[in-house]
Amino acid sequence: MKDVETRPKKYEGVLILAIFLATLPLIIGFSLLIISSFSKDMVTNFDFKSFHLTIENWINVFRGKLAITGGVKVNMAKIVLNTLIVALGVSGLVTLVSVMSGYALSRMDFRGRKWVIVSLMLLHAFPGVALIVGVYLLYRISFPQGQDWVRVYSFIYVIFARAALEVPMSVWLMKGFFDTIPWEFEWSGIIDGASRITVWRKIMLPLIKPGILAVALFSFLAGWQDIIYVRTFLIDQTLATFIEANIEAEYTHMPLIAAAGTLYLLPTIIFFLTAQQILLRGYSGGIKG
């Protein structure tokens with residue numbers, strides 16, 4: 001007997017066709033973007049008469065040259081580094097908070113625990129845009145007086161603000177992973193004389209590695225792709241704000257922006273190609289809580 005639900009095969013073709021048609025606009029859009037990044041002119045349809053193969057766009061992107069003529073240049077390495085700092089900061093902070101909070105909500109009984117669990121889903125339902133006014137007020141109140149710390153402060157603030165949007169769902173996922181581990185594993189460690197912290201660090205964490213990796217990847221992509229909070233609070237440019245700022249500039253060569261856009265997509269493509277099973281286990285394991 002099969003351990004999975006089976007469906008009539010006559011509906012599988014219809015389902016696959018519906019999914020394909022629903023994703024077709026995205027597939028076409030991303031395909032034209034990638035093709036244009038290797039062309040001298042933008043490719044806006046599948047006629048391909050305007051396609052002329054070149055890697056000059058990619059060379060100019062890594063050199064920070066925004067136009068094929070003139071001397072408009074930017075430090076592209078710094079822009080990529082800024083994007084990485086935000087993405088890694090959000091990922092590290094979200095993972096740390098969710099691993100500790102998920103364990104507490106799964107294993108400890110304390111006053112208000114039920115309301116905290118309910119609030120997690122409620123907080124996740126709030127869109128980040130709706131909170132931007134309140135977050136900006138806190139930004140102005142806590143703004144440093146000394147100019148030397150303004151740039152560092154903007155990085156720290158955008159990392160904390162963006163991470164706050166990801167924490168509720170990540171804590172919920174991690175609680176689901178901790179719930180799947182039998183209590184016997186934890187009791188055996190405590191009976192052997194290990195403290196609660198030692199049990200959490202040496203027994204529990206290794207058992208939920210897929211969940212930790214899934215949360216880290218999701219939050220990394222959230223930080224990498226964010227444009228609203230980065231655009232509002234960060235002084236320096238990231239790849240998202242760089243593309244947004246130059247997409248309508250008069251001097252901009254659009255195939256070069258297509259190359260920058262493809263570079264911006266690379267982490268997402270790589271992560272989803274290499275970590276599909278981990279991400280699926282992250283969702284399926286997390287929703288059991």
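**Close-up views of a predicted helical model**

**View 1. Lining of the largest pocket.** The lining of the largest pocket comprises 18 nonpolar, 2 polar and 3 charged residues; here Ala, Val, Leu, Ile, Met, Phe, Trp, Tyr, Cys and Pro count as nonpolar, Asp, Glu, Lys and Arg as charged, and the others, Gly among them, as polar. The model is predicted: local features need pLDDT of at least 70 and side-chain atom pairs count only at pLDDT 80 or more, while totals for chains, interfaces and linings use all residues. Residues are numbered from 1 along each chain as its sequence is written, and side-chain values use heavy atoms, with hydrogens and water left out. Of the 23 lining residues, G128, L131, A164, L165 and Y229 lie nearest the pocket centre. Two or more lining residues come from each of α4, α5, α6 and α10, with the largest share, 9 residues, from α6. A pocket is an open set of points on a 1 Å grid over the protein atoms alone where a 1.4 Å probe fits, with protein on both sides within 12 Å along at least five of seven lines; lining residues have an atom within 4 Å of a point.

**View 2. The largest nonpolar core.** This core has 38 residues, among which V86, Y157, V158, F178, I208, Y229 and F233 touch the most other members. Two or more of its residues come from each of α3 (76-107), α4 (113-125), α5 (132-141), α6 (150-179), α8 (196-207) and α10 (228-233). The largest share, 15 residues, belongs to α6. A nonpolar core is a set of buried Ala, Val, Leu, Ile, Met, Phe, Trp, Tyr and Cys residues joined through side-chain atoms within 4.5 Å; buried means under 20% relative accessible area (1.4 Å probe, protein chains only).

**View 3. Surroundings of F233.** Leaving aside residues up to four places away in sequence, F233 touches I132, V135, Y136, Y139, S154, Y157 and V158; a contact means heavy atoms within 4.5 Å. A second, separate core of 18 residues includes V61, I79, I243 and A259.

**View 4. Two annotated spans.** The unreviewed UniProt entry annotates residues 79-103 and 211-234, among others, as "transmembrane region"; such annotations may be inferred rather than shown by experiment. Residues 79-103 are 100% helix and 0% strand, with end C-alpha atoms 36 Å apart. For residues 211-234 the end C-alpha atoms lie 30 Å apart, and the span is 88% helix and 0% strand. Helices (H or I, at least four residues) and strands (E, at least two) are DSSP runs, numbered from the N terminus.

Definitions and conventions: Buried means under 20% relative accessible area, exposed over 50%, partly exposed in between (1.4 Å probe, protein chains only).
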